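Please look at the sequence and the structure below before reading on.

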Amino acid sequence: MRVLICEDSVLLREGLVRLLGDDGHEVVAALPDAAGLAAAVAETTPELCILDVRLPPTWTDEGIRAAIALRQRHPGLAVLVLSQYVEERYASDLIADGQGALGYLLKDRVADVADFLAAVASIAGGATVLDPEVVAQLLTRRRRDERLQSLTERERSVLALIAEGRSNQAIANALFVSEASVEKYITAIFTKLGLEQDETGNRRVIAALVHLGHDTTGATS
């Protein structure tokens, strides 16, 4: 199989070249960044591209954007994305584009050579292979989103103000309601988010984190 690698870490890049070569694959290009990726793909016509999520110059989302662009230009091209950590939004964006064979694995999985090579073969054969950690976090995100969707518009407003660190009185003043009404909204929010009373009394903090997590996973990693 013809494979193109785009990975900024010299050690990992060369390790992948050796690993794939020893398994009988042909590495047609091994790039340190995405600058010449499109041209390299057009010139070498790989069957599989392996890319790091974070690439120079900003080490944010260059790799994932390059992967999505490649899948749009070459719908039949299999893509395997490697990441140091689970990048929820990036994984979601990649999966959502619906353009054929796909893999999203944590770099730690490369250490298990047999499993990694099996994943490579599966992706090249048209399968979707997702790291168990990616699946777990995406499912957690979905559950969080579903809980937030159960809140009324007013409850969402109250939760947003809780996340800003506002007191019940300050929330009441901002929404022009009584403090007793705010307490009822907060009780409803805790119930819908599944936050039970405990000895730490940290439900308010957890609710704020759920709200902030919902916002940030829609915009960042």
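Glu7, Asp52 and Lys107 are linked in a network of salt bridges. A salt bridge here is a side-chain nitrogen of Lys or Arg within 4 Å of a carboxyl oxygen of Asp or Glu. By this rule the count comes to seven.

The model is predicted, so local features need pLDDT of at least 70 and side-chain atom pairs count only at pLDDT 80 or more, while totals for chains, interfaces and linings use all residues. Residues are numbered from 1 along each chain as its sequence is written, and side-chain values use heavy atoms, with hydrogens and water left out.

| Pair | Distance |
|---|---|
| Arginine 2 and glutamate 26 | 3.4 Å |
| Arginine 18 and aspartate 22 | 3.1 Å |
| Aspartate 131 and arginine 109 | 2.5 Å |

Aspartate 131 sits in the loop between β6 (128-130) and α6 (132-149), and arginine 109 in the loop between β5 (102-106) and α5 (113-124), 22 residues apart. Helices (H or I, at least four residues) and strands (E, at least two) are DSSP runs, numbered from the N terminus. Aspartate 131 is buried at 0% relative accessibility, whereas arginine 109 is partly exposed at 33%. Buried means under 20% relative accessible area, exposed over 50%, and partly exposed in between (1.4 Å probe, protein chains only).

The salt bridge between arginine 2 and glutamate 26 joins strand β1 (residues 2-6) to strand β2 (residues 26-31), so it ties together parts 24 residues apart in sequence. Arginine 2 is partly exposed at 25%, and glutamate 26 is partly exposed at 43%.

Arginine 18 and aspartate 22 are four residues apart in helix α1 (residues 10-22), a separation of about one helical turn. Arginine 18 is exposed at 58%; aspartate 22 is exposed at 59%.
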